[in-house]
Amino acid sequence: MQDIESLVRHADNARVAQRLRDRFPHPYTRGAGLAFLRHATSSIRPGNFAIEVDGEAAGGVGFVPGTDVERYSAEVGYWLGESLWGRGIATEALKLVTGYCFGSEHLLRCFAVPFASNVASVRVLEKAGYTLEGILRSSSVKAGRPRDQAMYSRINPEW
Ligand SMILES: CC(C)(COP(=O)(O)OP(=O)(O)OC[C@H]1O[C@@H](n2cnc3c(N)ncnc32)[C@H](O)[C@@H]1OP(=O)(O)O)[C@@H](O)C(=O)NCCC(=O)NCCS
């Protein structure tokens, strides 16, 4: 819970929120941050991690496993405070979480569906060894506009 101040400082940014699902709020209030931290710290199966830079929580990376026949597959997601963009930090975080999913969680597949226009995120996925499977045309609506999403995945070779 001590991460609340830095979490809100980095997360309260329209340029971060506009590239994420609507459940990542903008403005990102202290109340929203506390609710998220309560959720993240109470999960029996941890799936939300802080990206720690210089001793403070500067972003987040995590995964959501599927259910039923998709139970060995997980969607990964990540964001980073804008002041730290362009230093390879999200790529390193995604590689670590993918390794955690494949190793500790014994998952078969990790995937992500960035907006196709999100060049930075697409680049992060490529640098972390993910492969483009296809474009999901008009699969989402953000800020009132239809958006294509890119389906990227990486398969666990050890499975
Ligand atoms: C996406 C995000 C996590 C990237 O974090 P980051 O730590 O800056 O990423 P990295 O430094 O590891 O890599 C970014 C890459 O994108 C490239 N990039 C960034 N903006 C770009 C642009 N407008 N056009 C082309 N390439 C771009 C960088 O040059 C870098 O590639 P390189 O190493 O080949 O030069 C960060 O921008 C962010 O939090 N964005 C808002 C939230 C978000 O989009 N999350 C992902 C949702 S799917």
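## Fold order

Along the sequence, the protein chain runs α-α-α-β-β-β-α-β-α-β-β. That is five helices and six strands, taken as DSSP runs numbered from the N terminus (helices: H or I, at least four residues; strands: E, at least two). The radius of gyration is 15 Å, close to the 15 Å that the globule rule gives for 159 residues, so the chain is as compact as a globular protein of that length. The radius is taken over C-alpha atoms, and the rule is 2.2 Å times the number of residues to the power 0.38.

This is a predicted model: local features need pLDDT of at least 70, side-chain atom pairs count only at pLDDT 80 or more, and totals for chains, interfaces and linings use all residues. Residues are numbered from 1 along each chain as its sequence is written, and side-chain values use heavy atoms, with hydrogens and water left out.

## Around the ligand

The ligand is surrounded by 21 residues, each with a heavy atom within 4 Å of it. The closest are Gly86, Thr91, Asn118, Arg123 and Lys127. By class, the shell has 12 nonpolar, five polar and four charged residues. Nonpolar means Ala, Val, Leu, Ile, Met, Phe, Trp, Tyr, Cys and Pro; charged means Asp, Glu, Lys and Arg; the others, Gly among them, are polar.

## Polar contacts

Polar contacts are pairs of N or O atoms within 3.5 Å. A side-chain N or O atom of arginine 123 lies 2.7 Å from a ligand oxygen. For a polar backbone atom of glycine 88, the distance to a ligand oxygen is 2.8 Å. A backbone N or O atom of arginine 87 is 3.4 Å from an oxygen atom of the ligand.

Key: A polar contact is a pair of N or O atoms within 3.5 Å; within protein, one must be able to donate a hydrogen and the other to accept it, and residues adjacent in sequence count only if both atoms are side-chain atoms.
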